[in-house]
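Let's walk through this structure together, starting with a pair of neighbours and then stepping back to the whole chain. Please have a look at the sequence and the model before reading on.

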Amino acid sequence: MAAQTQATAKLSRGFGWLAALGVVLVLAGLVGLIYTGVATLTSMLLFGWLLLIGGAVGLLHAIQARGTNFFWLGVVVAALNIAAGVVVIRRPEAAAEALTMFAALLFLTGGVFRLAGSLVVRGPQFGWTLVQGAFDLLLGILVLASWPSSSKYVIGCFFSLALLFDGLGLVATGFGGRRIVGMVSERLAPAGDGEESGQDAIKPVQPE
């Protein structure tokens, strides 16, 4: 029972830390939605450092795999990642403009394909697919209409929304996990007490 109690407490603490991390992400997402310009620059700098670190790690792996057929491919990919990371870190505003343009084109093409597919197929999700396609198309048009000024807040807004929803998911998982652990421990505790009382009941009486 002591080991089971320790395991339950450890699992409950783990879910508690998960919920705490979710709260931090939710707060970061809310702050990012208020200061979208700062969130855009921050997300671009993080993206640049991730490219730089990933390129350096890829280059080390390529050097370790020298002599194989994938050596030069690994070197080229790592060099491209490092170069892209340096460019993004040195020019985050220009990188945000390019990424915003790319995102707008993705929304436009995705919206057109969803609209065309929903009109041609007319499946059971016809209405929902039509609404999604129209929303993507409208969003792409709005971003392109105000480009490049839209690049100051679009990436930061998406980044902050991702933090917000991920944080809400972690909070729900953490509190739900703690609740389930508490319910399971409450159900197991009487069973353990019953087993101990049953063992005491059948214990033989020593003669005096």
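Is the crossing of α2 and α3 left-handed or right-handed? In this predicted model, the crossing of these two helices is left-handed. To find the pair, look for α2 at residues 36–64 and α3 at residues 71–90. Their axes come within 7 Å and cross at roughly 155°. Angles over 145 degrees count as roughly antiparallel, so α2 runs roughly antiparallel to α3. As for who takes part, the contact of α2 with α3 has 18 nonpolar and 6 polar residues, with no charged ones.

Now follow α2 to another partner, helix α4, which spans residues 92–121. Here the axes come within 9 Å, and the crossing angle is roughly 95°. The two helices, α2 and α4, are therefore roughly perpendicular to each other. On the α2 side, the contact is made by T40, L41, M44 and L45; α4 brings P92, E93, A95, A96 and L99. By class, the residues of this contact between α2 and α4 divide into 7 nonpolar, 1 polar and 1 charged.

With those two pairings in mind, let's step back. The protein has 6 helices and 0 strands, and reading along the sequence gives the pattern α-α-α-α-α-α. Among contacts between residues at least 6 apart in sequence, 80% join residues at least 24 apart. Of the 208 residues, 23% count as buried. Finally, the accessible surface comes to about 14,200 Å², and 73% of that belongs to carbon and sulfur atoms.

Methods. Residues numbered from 1 in each chain as written. Predicted model: local features only at pLDDT ≥ 70, side-chain atom pairs only at ≥ 80, totals over all residues. Heavy atoms only, no water. Axes fitted to C-alpha atoms, helices over the stretch in contact; angles between N-to-C directions. Helix = DSSP H or I, 4+ residues; strand = E, 2+ residues; numbered from the N terminus. Parallel < 35°, antiparallel > 145°, perpendicular 65-115°, else oblique. Left-handed = near helix turned anticlockwise from the far one by under 90°. Nonpolar A, V, L, I, M, F, W, Y, C, P; charged D, E, K, R; others polar. Buried < 20%, exposed > 50% of the residue type's maximum accessible area, 1.4 Å probe, protein only. Contact = heavy atoms within 4.5 Å. Areas by Shrake-Rupley, 256 points an atom, 1.4 Å probe, with all protein chains shown as cover.
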